[in-house]
Amino acid sequence: MKEISYLIDKNIINIESGGSHHLALLFNGNIYIWGSNKCGQLGLDEQEDNLDISKANSESQVIKIPILLKNLENIKIKIISCGEVHSLALSENGDIYSWGGCSYGQLGHSYMDIMPKDENNKPYLPVPNLIESIREIKMIDIACGRYHNISIDNNGNIYTWGNGTYGQLGIGKNIYSLSKNEEGFFYQ
């Protein structure tokens, strides 16, 4: 075990781990990121300057030391969560931002067909994007599963989206594309 010296005195209030990436939430609402960015799960714009990105191999980008996620720096984040290759952040305003792999619709965006594709031809978002379809609903909590998510709004309603192959969405269907019904927003 070894202490991560780059995070000393950062006032970290939460950490989350995905399949090969990590997020650390600071008291001030900023996020530090490190690990694999192969599917955009770190939220880094690949064109961003001054990053210490080293190639672990020819197929993946790796951030070996924690760095600030500048794309959400001006938004006060209160909760973070990681899936296998995607990440979520919940702002103080109740908005959810998502980024990373989107093979099963786990990012909550209806425009999967125009997203960039990774080397396996799977859609992904390289930077955090607000989930517009639920923007008017103020969420109070979020959690990621491997390829799905769940959130709770300020009225206690539960929303799920992403891969529902094993019933993990709780609506009795395999879920993939953005829809809304009387039970809430989901993918089918």
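The structure is a predicted model, in which local features need pLDDT of at least 70 and side-chain atom pairs count only at pLDDT 80 or more, while totals for chains, interfaces and linings use all residues. Residues are numbered from 1 along each chain as its sequence is written, and side-chain values use heavy atoms, with hydrogens and water left out.

The protein chain comprises 188 residues, of which 47% count as buried. Secondary structure was taken from DSSP runs numbered from the N terminus, with helices (H or I) requiring at least four residues and strands (E) at least two; on this basis the protein chain contains zero helices and 14 strands.

Strand S1 (residues 12-17) runs antiparallel to S2 and is joined to S2 by five bridges, the two strands forming a hairpin with three residues between them. Strand S2 (residues 21-26) pairs in turn with S3, again in the antiparallel sense and over five bridges. In the hairpin of S2 and S3, four residues lie between the strands, and Gly 29 adopts a positive phi near 95°. Leu 25 of S2 stands opposite Asn 14 and has Ile 31 as its bridge partner in S3, whereas His 21 is placed opposite Gly 35 in S3. Five of the six residues of S2 are buried, so S2 is largely enclosed by the rest of the structure. For S3 (residues 31-36), six of the six residues are buried, and this strand is therefore also largely enclosed by the rest of the structure.

In the loop between S3 and strand S4 (53-57) lies Gly 40, which is buried, with a relative accessible area of 3%. The C-alpha atom of Gly 40 is separated by 7.5 Å from that of His 86, although the two residues are 46 residues apart along the chain.

Rings of Phe, Tyr and Trp (for Trp, the six-membered ring) were considered paired if their centres lie within 6.5 Å, with planes under 30 degrees apart classed as stacked, over 60 as edge-to-face and the rest as tilted. The structure holds one aromatic pair, a tilted arrangement of Tyr 104 and Tyr 147 with 4.9 Å from centre to centre and 50° between the planes. This pair links distant parts of the chain, since Tyr 104 belongs to the loop between strand S8 (96-101) and strand S9 (124-130) and Tyr 147 to the loop between strand S10 (139-144) and strand S11 (148-153), 43 residues apart. Tyr 104 is partly exposed, at a relative accessible area of 28%, and Tyr 147 is likewise partly exposed, at 21%.

A charge is said to sit over a ring if NZ of Lys or CZ of Arg is within 6 Å of the ring centre and within 35 degrees of the ring normal; Lys 76 lies in this way over the face of Phe 27, at 5.5 Å from the ring centre.

Key. Buried < 20%, exposed > 50% of the residue type's maximum accessible area, 1.4 Å probe, protein only. Pairing = 2+ DSSP bridges.
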